[in-house]
Amino acid sequence: MAADAPNAVPTNAPQADARQVALQKFYVKDASVEVPLAPQVFTRPWQPQVDVNVGTAVQPLGDDQFNLVLTVTVTAKLGEDVAFLVEVQQAGIFVVRGFTNENERAAILAGYCPSLLFPFAREAVSDFVQKAGFPQLLLQPINFEALFLEHVNRQRAAAGQAGADANVNVQVSH
């Protein structure tokens, strides 16, 4: 390639930092199923109230690698009685490279990465519920990006309110 070609890039020119997000490995870190009232629960009419809780935890591993654990807990109750409790900790090792802005990196780790893991967690929850003897449970998709933005907005509002009233304590959890 000639040095004076219009689209030529010298081989010694510095490359722009390439942004990269890659799922290196996914795995189930922990899973549990509890059916505290078995076998009596199977003789009752099945009209449960289902509660789904989702949380994430991120651990830096070095070299732009992060371990993300997505915890999905599903509790089904018949009245006040727990019919079943299923918890799955779906984890993944991600490479997140080239994001120098901490806010961008946080958005990737709290929004995009859990979205990649959720289908695996969803499948595991469904399998455990069925293997425990209950009808199929299909969790609805979750927009983790929107949840992250909501979390950020709550933090900003709390910071603004804390500046106005130093006696207000606000706790934000995932």
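Visitor: Why is E104 called partly exposed?
Guide: This is a predicted model, and every value is computed from it. The relative accessible area of E104 is 31%. Partly exposed covers the range between buried, under 20%, and exposed, over 50%. E104 therefore counts as partly exposed.

Visitor: What makes R19 and E104 a salt bridge?
Guide: The closest N and O atoms of R19 and E104 are 2.6 Å apart. The cut-off is within 4 Å, from a side-chain nitrogen of Lys or Arg to a carboxyl oxygen of Asp or Glu. The pair therefore qualifies as a salt bridge.

Visitor: Which parts of the protein does that pair tie together?
Guide: R19 lies in the segment before β1, and E104 lies in helix α1, residues 102-131.

Visitor: Why do R44 and D81 count as partly exposed?
Guide: R44 has a relative accessibility of 32%. D81 has 33%. Both values fall between 20% and 50%, so each residue counts as partly exposed.

Visitor: What makes E150 and R154 a salt bridge, and where do they lie?
Guide: Their side chains meet at 2.8 Å, N to O. The limit is 4 Å, so the pair passes. Both residues lie in helix α2, four residues apart, about one turn of the helix. E150 is partly exposed at 43% relative accessibility. R154 is partly exposed at 37%.

Visitor: Is H151 buried or exposed, and how do you know?
Guide: H151 has a relative accessible area of 10%. Buried means under 20%, so H151 is buried. H151 sits in helix α2, residues 144-164.

Visitor: What share of the protein counts as buried?
Guide: Of the 174 residues, 28% count as buried. The accessible surface comes to about 11200 Å², and 50% of it belongs to carbon and sulfur atoms.

Visitor: What pattern does the protein follow along the sequence?
Guide: The pattern is β-β-β-β-α-α. That gives four strands and two helices.

Visitor: How do you know that β2 and β3 pair?
Guide: Pairing needs at least two bridges. Strands β2 (residues 49-62) and β3 (residues 65-78) share 13, in the antiparallel sense, so they pair. P60 stands opposite F66 in β3. The two strands form a hairpin with two residues between them, and D63 in the turn has a positive phi of about 50°.

Visitor: What joins β4 to β3 and to β1?
Guide: 14 bridges join β3 to β4, which run antiparallel. T75 stands opposite L85 in β4. This hairpin also has two residues between the strands, with G79 at a positive phi near 65°. β1 and β4 pair over 13 bridges, again antiparallel. There, V28 has Q90 as its bridge partner in β4.

Technical notes
Residues numbered from 1 in each chain as written. Predicted model: local features only at pLDDT ≥ 70, side-chain atom pairs only at ≥ 80, totals over all residues. Heavy atoms only, no water. Buried < 20%, exposed > 50% of the residue type's maximum accessible area, 1.4 Å probe, protein only. Areas by Shrake-Rupley, 256 points an atom, 1.4 Å probe, with all protein chains shown as cover.
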